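Open the model in your viewer and keep the selection tool ready. We will go stop by stop.

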Amino acid sequence: MIQSMTKKRDTGLVALQECGESFLKALGDSLPKNWHIARSFDEHTQDQEVVLFNDKYVTYDKGMSETPRDAYPSQMGRQLAQAVFKRVTDNKLIRLFNAHIPGNPDIPGPLEFAKYVAKFFSPDQVTIALGDCNFERDRMTRAFKKAGLLDKRYPEQVLHTPWPTNVHPVTATFAPGPSNSKGIDHALVLGATSKALGMKEVLDDSRFVKTIESLQRK
C-alpha cells in the first residue's frame with residue numbers, strides 16, 4: 001500500500017506512526033531510489049514515528065530534527081517526532097510534527113502536543129502537525145486554538161480530518177458512543193495552501209475504499 005503512495009505523481013512526504021523494526025527494514029528495502037526514511041531514532045526500537053521523503057522535492061535536515069521524550073509532561077517517555085525538511089524549489093523550511101498522542105482522556109495530550117508545535121511555529125515556514133491524535137476534531141481544534149496556532153492573523157491554516165479512521169470501543173460511555181466510527185487522524189497545515197485528498201487519491205484500492213465508505217455510514 002505504501003509503495004503505491006510513493007508512485008503517485010507529486011508525492012513528497014508520507015508520515016507513518018507506530019512502526020516496528022521488521023516493518024521498517026522491509027519498507028526500506030522496497031522503496032524507490034529517490035525515496036528515503038527519516039527515522040525518529042537511529043537505534044532499533046519497536047515503536048517509531050517516521051516520515052518517508054522524496055528527494056526530488058525535499059531535502060532532510062537531520063540536525064534540525066528531533067524526537068523528544070518529554071514533550072508530553074503528563075506521560076513522560078512518550079516520543080514526539082519533529083522532522084525538518086527544505087523544499088528543493090526555494091529552500092523554504094517545512095517542519096513536520098508526527099505524533100501518536102497519548103489516548104488517555106484524563107490527561108491533556110492534545111494540548112501538550114499543540115504547545116510543543118507552537119514553540120517552533122513561525123509564519124515564514126510551512127508547519128505540518130499530524131498523526132494518530134487519538135481524539136476527535138473538536139478536541140484537537142480547541143487545543144490548537146489555545147496554543148495560538150489557529151489564529152486569524154495567519155492567512156493559510158487548515159485542520160484536515162478527511163474521514164473516520166477508527167471505531168469507538170463497545171464499552172465507551174462518551175461521544176460518539178459505543179461502536180460508532182470517529183475521526184482521530186488529523187493534519188494541521190499552516191503556511192501553505194492545502195487540501196484533503198480523496199480516498200482514491202490516497203490509495204486506489206477497492207478494499208480501502210470499501211472500508212472508508214463503511215466507516216462513513218456508522
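**Stop 1: Glu18**

Select Glu18, which sits in strand β1, residues 13-19. Helices (H or I, at least four residues) and strands (E, at least two) are DSSP runs, numbered from the N terminus. The model is predicted, so local features need pLDDT of at least 70 and side-chain atom pairs count only at pLDDT 80 or more, while totals for chains, interfaces and linings use all residues. Residues are numbered from 1 along each chain as its sequence is written, and side-chain values use heavy atoms, with hydrogens and water left out.

Now look at the backbone. Most residues other than glycine have a negative phi. Glu18 is not a glycine, yet its phi is positive, about 55°. Is Glu18 buried, partly exposed or exposed? Glu18 is partly exposed, with a relative accessible area of 45%. Here buried means under 20% relative accessible area, exposed over 50%, and partly exposed in between (1.4 Å probe, protein chains only).

**Stop 2: Asn134**

Select Asn134 next. Where does Asn134 lie? Look in the loop between β7 (126-132) and α4 (137-146). Asn134 also has a positive phi, near 65°, and is a residue other than glycine. Its relative accessible area is 22%, so Asn134 counts as partly exposed.

**Stop 3: a pair in helix α4**

Move on to helix α4 and show the side chains of Arg142 and Asp138. The two residues are 4 apart, about one turn of the helix. They form a salt bridge, with the closest N and O atoms 3.9 Å apart. A salt bridge is a side-chain nitrogen of Lys or Arg within 4 Å of a carboxyl oxygen of Asp or Glu. How many salt bridges does this rule give? The count comes to 8. Before you leave, check the surface at Asp138: this residue is partly exposed, at 49% relative accessible area.

**Stop 4: Glu201 and Lys195**

Select Glu201 and Lys195. Their side chains meet in a salt bridge, 3.3 Å from N to O. Glu201 is partly exposed at 40% relative accessibility. Lys195 is exposed at 56%.

**Stop 5: Arg207 and Asp205**

Finish with Arg207 and Asp205. What links their side chains? A salt bridge does, at 2.8 Å from N to O. Which side of this pair is buried, and which is exposed? Asp205 is buried, with a relative accessible area of 17%. Arg207 is exposed, with a relative accessible area of 61%.
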